[in-house]
Amino acid sequence: MSEHTLNPKAEAATYLKTLISLLILTAITVAASYVNFGAMNVVVALTIATIKATLVALFFMHLLHDKPVNGLIACAGFLFLGLFLMFTLLDFDSRENPQPFNLHPQVAAPPPAAAPATTPAPAPEHH
Amino acid sequence: MSTSTVDLQQDPHGHGDGGHGHDDPHHQHHFTNMEQQFDTSKIGMWLFLATEVLLFGGLFVGFGLMQARFPQQFKEAHEHLQRPLGALNTVVLLISSWTMVMGVLSARTNQRKKLVVYLLLTIFCACIFLGVKYFEYSHKYEEGLLPGHYYSHHGDKIPTVDGANGYATFFSFYFMMTGLHGIHILVGIILLAWIAVRGNRGEFNSNYYTPVDLVGLYWHLVDLIWIYLFPLYYLIT
């Protein structure tokens, strides 16, 4: 364990700097949310979020000075999430009108059995 | 630091480590030395964290798809979330991550009192987070901004797109994701309390602080997930 034990004071300073950077980035992302970038809103917000997440992973979760295998596992998690997202989006784009399953038809559909009985004979008009 | 293969050759019983951690009561005999034991635990924790990323990832993907499906209704539903409260909770969680990492550093440098204080501060921040969340949830409940068919904000006139209510879908995801995250915070509080009690007993030192480190990793992951939840729910309109 001792191989990655740096000077404790230097480490504490790094953690404080990381926290301050994270708080500044939070302020930036909140401020940016009041500006309308149109379609770029999502991109701006998620880019800042990813920078923040990287800071947390590298410094607070020690990935920067840790054994590479831990970083590899973390990257693999996000890689598979990316694959999942990619194939789901491909599938989504090829469908029409995908619904959340439990909210299906709230449309007032006429009761199928009663419908023909109430509208009887006045059919032949233009034939 | 000699390599583990050399250690095994020198000492088939797996206790040879040049005096490092030789007498440690936490040293389990199937590990070559304390460092290998620590690294092994850590790999296990990272594997668990990877599954956590995938657990929340599924929900994030679902949220993204439904946002693409009901852009207008999701945009309007976003307006019901209070940005200052979300920002406050973000700041609280970031600070708690910092107190946590300082706690790990304290454990590693044999500062027992500091460790306990930092852990208690982390728990305090977690409680503030949950308090704000409770305030937000009760507000949503009063306004009928609820998941699925419990949604009653628009009374009887439910605005639908192709027969589906996008607002209710939004709040289904909102409660599912922030709720699951909240459960993680609750679990975190329990773990932090457990670590604080053990730390107070003086069970951790520079040679053995694995539980502190692993709970720290878990706590940072919970923070990391919130870092994505916050902009997606509160900021993007």
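**Group meeting: how chains A and B pack**

Hi everyone, let's start with the interface: 49 residues of chain A are in contact with 49 residues of chain B, where contact means C-beta atoms, placed from the backbone, within 7 Å. This is a predicted model, in which local features need pLDDT of at least 70, side-chain atom pairs count only at pLDDT 80 or more, and totals for chains, interfaces and linings use all residues. Residues are numbered from 1 along each chain as its sequence is written, with chains lettered from A and ligands numbered from 1 in the order in which they are written.

On the chain A side, the elements giving two or more residues are α1 (8–33), α2 (40–60) and α3 (68–93). Helices here are DSSP runs of H or I, at least four residues, and strands are runs of E, at least two, numbered from the N terminus. The largest share, 13 residues, comes from α3(A). By class, this side of chain A has 32 nonpolar, 13 polar and four charged residues; Ala, Val, Leu, Ile, Met, Phe, Trp, Tyr, Cys and Pro count as nonpolar, Asp, Glu, Lys and Arg as charged, and the others, Gly among them, as polar.

So how do α3(A) and α2(B), residues 34–69, pack? Their angle is about 20 degrees and their axes are 9 Å apart, using lines fitted to C-alpha atoms over the stretch in contact and angles from 0 to 180 degrees between N-to-C directions. α3(A) and α2(B) are therefore roughly parallel, the word for angles under 35 degrees. The contact of α3(A) with α2(B) divides into 19 nonpolar residues, four polar and one charged.

Now a pair inside chain B. Helices α4(B), residues 83–108, and α7(B), residues 210–235, pack at about 165 degrees, with axes 9 Å apart. That makes α4(B) roughly antiparallel to α7(B), which is the term for angles over 145 degrees. Among the residues making this contact are G86(B), L93(B) and G103(B) of α4(B), and G216(B), W219(B) and W226(B) of α7(B). The class count there is 13 nonpolar, six polar and three charged.

Staying with chain B, please look at α6(B), residues 166–200. Its 35 residues reach 50 Å from first C-alpha to last, close to the 51 Å expected at 1.5 Å a residue; the expected span is 1.5 Å times one less than the number of residues. Just after α6(B), G202(B) takes a positive phi of about 80 degrees.

Last, chain A as a whole: four helices and zero strands.

How values were computed. Contact = placed C-beta atoms within 7 Å. Parallel < 35°, antiparallel > 145°, perpendicular 65-115°, else oblique.
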